[in-house]
Amino acid sequence: MTNINNRRAHRLTAWLMALAILVMPLAALGQTRIEAPRNKYNVQDDVKAGQQAAQQVYQQMPMLRDEGIRSYVNSVGSRLVSAIPSEFQHPEFRYSFDVVDARDINAFALPGGPLFVNRGMIEAAHNEGEMAGVMAHEISHAALRHATAQATETQKYQIGSVLGQIAGAVIGGPIGGIVGAGSQIGFGAGALKYSRKYETQADILGAQIMARAGYDPRDLANMFRTIERQGGGSGGPEWLSSHPNPGNRYERINQEAAMLRVNPNAATQDTRQFRDVQARLRGFPRARSMEEIARSGQQNPNQGNYPNDRRNPNDGRYPNDGRNPQDDSYGRGERVAYPSTRYRNDGNNLFRVAIPENWRQLGSEGNSVSYAPEGAYGSQGITHGVMFGTDREQYSDLQRASQQYVNDLLQAQGNTYLRQSGGFQRTTVNGRNALATTLMGRSPITGRTERVTIITTMLGSGDLFYMAGVAPSDEYGTYQRTFADILRSLQLSNQY
Ligand SMILES: [Zn+2]
């Protein structure tokens, strides 16, 4: 079952299609003025989507663990970040810099700041400026909030796991291929390919950040040439595919560079440190390509240094249909492990709850949070597990508010196979009056009948609180006990 979230906000903004004027040349200022594209998401949504995606990256991609190189890349990154013009600085963002131990020439920034540079990119650059150029371009995508802006444009009518989709789309490029092993690397179904106007923005802002940080912005233009020349094999084209040339890229960046004054407190274009880092990398064993990493099965890409609690969807047990390869863990008919009878406490500022130890919290999104075992979650929601959240209804009466919530849920994309089975029964949640109802339908993910129990109660804030327990009908006996345990443990904050 797919979650329903922020449904009304989507409706309200659906018609706001006016495109922001993205790049407005103002010759008088000596540089191109950039306006971040329209975005219906909160800055905090970028942060959450980025964290969710970063977790997957750490689980699925090998990180280079060399403190010297890491801190060097971090120092270049911090220098660029402090050169972001103030109007594009978001205090909520946390920029971080990691080096992926992969040969392919690639780099990517996740919403909210996590940035990853492939070892292959550092090896390909001719100097620090070229490496910084790619990083400045990526930082610009994050600072301008392009991932959520793109979702604003393309997902107007989409309800459900929007943040998950954004996270998946952003990393679909770099790791889509890993999850969909054997498929083409880097072009996962959900791969985010930035539009040309966003590319132009990232080029222009990237050049401006370069100059402010004391780098020659022409190095950004040069790096595109460097990457093009390295094309072929599993190398060059990947980064260029997710960052398509908006046309005359090299010329446009150089044109901008001509208007910019490089910060005179600048460092040089090349540094000894950069050459040292390249020499050090040459001394390491040859990095694997993303394709090799994918083929090796990614049993433990980070040799235990990073959390890797997620079973690899491609170890042969989980045939992937490629629809959303980046975040599906669905068992596709295989039996998902029974819920552990040992519980741990979890929750947020709204509620505390005991959750089976073998379920994980899926990226909480907006007002909702889900827990599911391995093999039971992905881009189309969960097939086993529980979801909690709040929704604002038109009615303050529990019965009517609950019915409205259920109606919306049934209409939400991804839930249309479900039907309400019977009416509402009275129950209690944490001492409050509550209602319970059941939804049934044949899940397109498992191909089995799915049973969803929805329990709703009214909060003092006027929001409706819900818990949804999801499991295939033929396993419901087992899950029912678990759901009952969870419900009994549920404690709602008195604040709400
Ligand atoms: Zn780009």
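I started with an open sheet of three strands, in the order 3-5-4 with mixed pairing. Strands here are DSSP E runs of at least two residues, helices are H or I runs of at least four, and both are numbered from the N terminus. Two strands pair if DSSP finds at least two bridges between them.

The model is predicted, so I noted that local features need pLDDT of at least 70 and side-chain atom pairs count only at pLDDT 80 or more, while totals for chains, interfaces and linings use all residues. Residues are numbered from 1 along each chain as its sequence is written.

Which strands stand at the edges? Strand 3 (96-100) and strand 4 (107-109) do; each has a single partner strand, so one side of each lacks a neighbour in the sheet. From one strand to the next, the twist averages 15°.

Next I checked the pairing of strand 3 with strand 5 (residues 114-118): parallel, over five bridges. Phe97 has Leu115 in strand 5 as its bridge partner.

Then I turned to the cores. A nonpolar core is a set of buried Ala, Val, Leu, Ile, Met, Phe, Trp, Tyr and Cys residues joined through C-beta atoms within 7 Å. Buried means 20 or more other C-beta atoms within 10 Å of a residue's own, with C-beta atoms placed from the backbone.

The largest core has 69 residues, and Leu80, Val117 and Met121 are among those with the most contacts inside it. Helix 8 (residues 196-213) gives the largest share, nine residues. I also found a second, separate core of 43 residues, including Val353 and Leu492.

Conventions:
Buried ≥ 20, exposed ≤ 12 C-beta atoms within 10 Å, placed from the backbone. Axes fitted to C-alpha atoms, helices over the stretch in contact; angles between N-to-C directions.
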